[in-house]
Amino acid sequence: MAQDCVILLHGLARTAGSMATLEKALEDAGYKVLNEGYASTTDTVENLAEASIPPALAACGESGNVNFVTHSMGGILVRYYLSQHTVENLGRVVMLGPPNKGSQVVDELGNLPGFEFINGPAGLQLGTGKSSLPNALGLADFDVGIIAGSRSINLLLSTQLPNPDDGKVSVENTKLEGMNDHIVMPVTHTFMMRNDEVIQQVLHYLQNGAFARH
């Protein structure tokens, strides 16, 4: 059988290194893994998706299924790309802490001096308004499971968010109409992709199409 491929997409203002622990776990589980970084603060979500996803798909080659595992804004890149393109051998998508309905942090802080400098054009697209990019992309018509975090190490940002939240995104705003499964775990936005239990849930979803309920 052809080896299944997993494309990893990190979050805003992060690097491929943030997904390294997850990359190793997926490789150990037998997947071909593409963990390529992208310059998340330099362009819009649309342009970032079109620049980063096609080369990763090409690098998967003649694989079995192509899966995506994303952190934060990486999930919005995948949603945008799949709204514009068909991936014939698409398998499953697992999103960690995605701002699927945007984040109130962008609503509150987006106009402050320095916000765009730090977070780039894509960061400004992630508000909660009806016209924000995440809310304009519509429902999921692909197999997606979502892991939300419920702990915060950023108490200042958490004051901008409805509880529970992970310090950047509320649990409610990770949800996406059409999702296949959703689970809340006691992890933070910043470090969830390195958490052993989160990684086990990612593997479980990729293999079973559902999260493990203990």
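S72 is buried, with a relative accessible area of 9%, where buried denotes under 20% relative accessible area, exposed over 50% and partly exposed the range in between, for a 1.4 Å probe and protein chains only. The structure is a predicted model, in which local features need pLDDT of at least 70 and side-chain atom pairs count only at pLDDT 80 or more, whereas totals for chains, interfaces and linings use all residues. Residues are numbered from 1 along each chain as its sequence is written, and side-chain values use heavy atoms, with hydrogens and water left out.

S72 is placed in the loop between β3 and α3; helices (H or I, at least four residues) and strands (E, at least two) are DSSP runs numbered from the N terminus. The side chain of S72 is joined to that of H189 by a polar contact of 2.9 Å, a polar contact being a pair of N or O atoms within 3.5 Å of which, within protein, one must be able to donate a hydrogen and the other to accept it, with residues adjacent in sequence counted only if both atoms are side-chain atoms. When neighbours within four places in sequence are left aside, S72 is in contact with G11, L96, G97, P98, P99 and H189, contact meaning heavy atoms within 4.5 Å.

Helix α2 comprises 16 residues (residues 45–60), which at 1.5 Å a residue should span 22 Å, in agreement with the 22 Å between its end C-alpha atoms; the expected span is 1.5 Å times one less than the number of residues. Within α2, the residues V45, L48, A49, S52, I53, A56, L57 and C60 are buried, and the buried residues of this helix pack against β1 (5–9), β2 (32–34), β3 (66–71), α3 (74–84), α5 (115–124) and α6 (133–136). G61, which follows α2, has a positive phi near 65°.

The axes of α2 and α3 come within 9 Å and cross at roughly 80°, the axes being lines fitted to C-alpha atoms over the stretch in contact, with angles running from 0 to 180 degrees between N-to-C directions. The two helices α2 and α3 are therefore roughly perpendicular to each other, a term applied to angles of 65 to 115 degrees, while those under 35 count as roughly parallel, those over 145 as roughly antiparallel and the rest as oblique. P54 is found in helix α2 and, with a relative accessible area of 29%, is partly exposed. Not counting residues up to four places away in sequence, P54 touches A49 and Y81; the C-alpha atoms of P54 and Y81 are separated by 9.3 Å, although these residues are 27 residues apart along the chain.

Helix α9 (residues 196–208) has 13 residues that should span 18 Å at 1.5 Å a residue, and its end C-alpha atoms are 18 Å apart, which agrees. The residues V198, I199, Q201, V202, L203, Y205 and L206 of α9 are buried, and what covers the buried residues of α9 includes β1, α1 (20–28), β3, β4 (90–96), β5 (144–149) and β6 (181–185). Just after α9, G209 takes a positive phi of about 75°.

G129, in the loop between α5 and α6, counts as partly exposed at 36% relative accessibility. Apart from neighbours within four places in sequence, G129 is in contact with D107 and N135.
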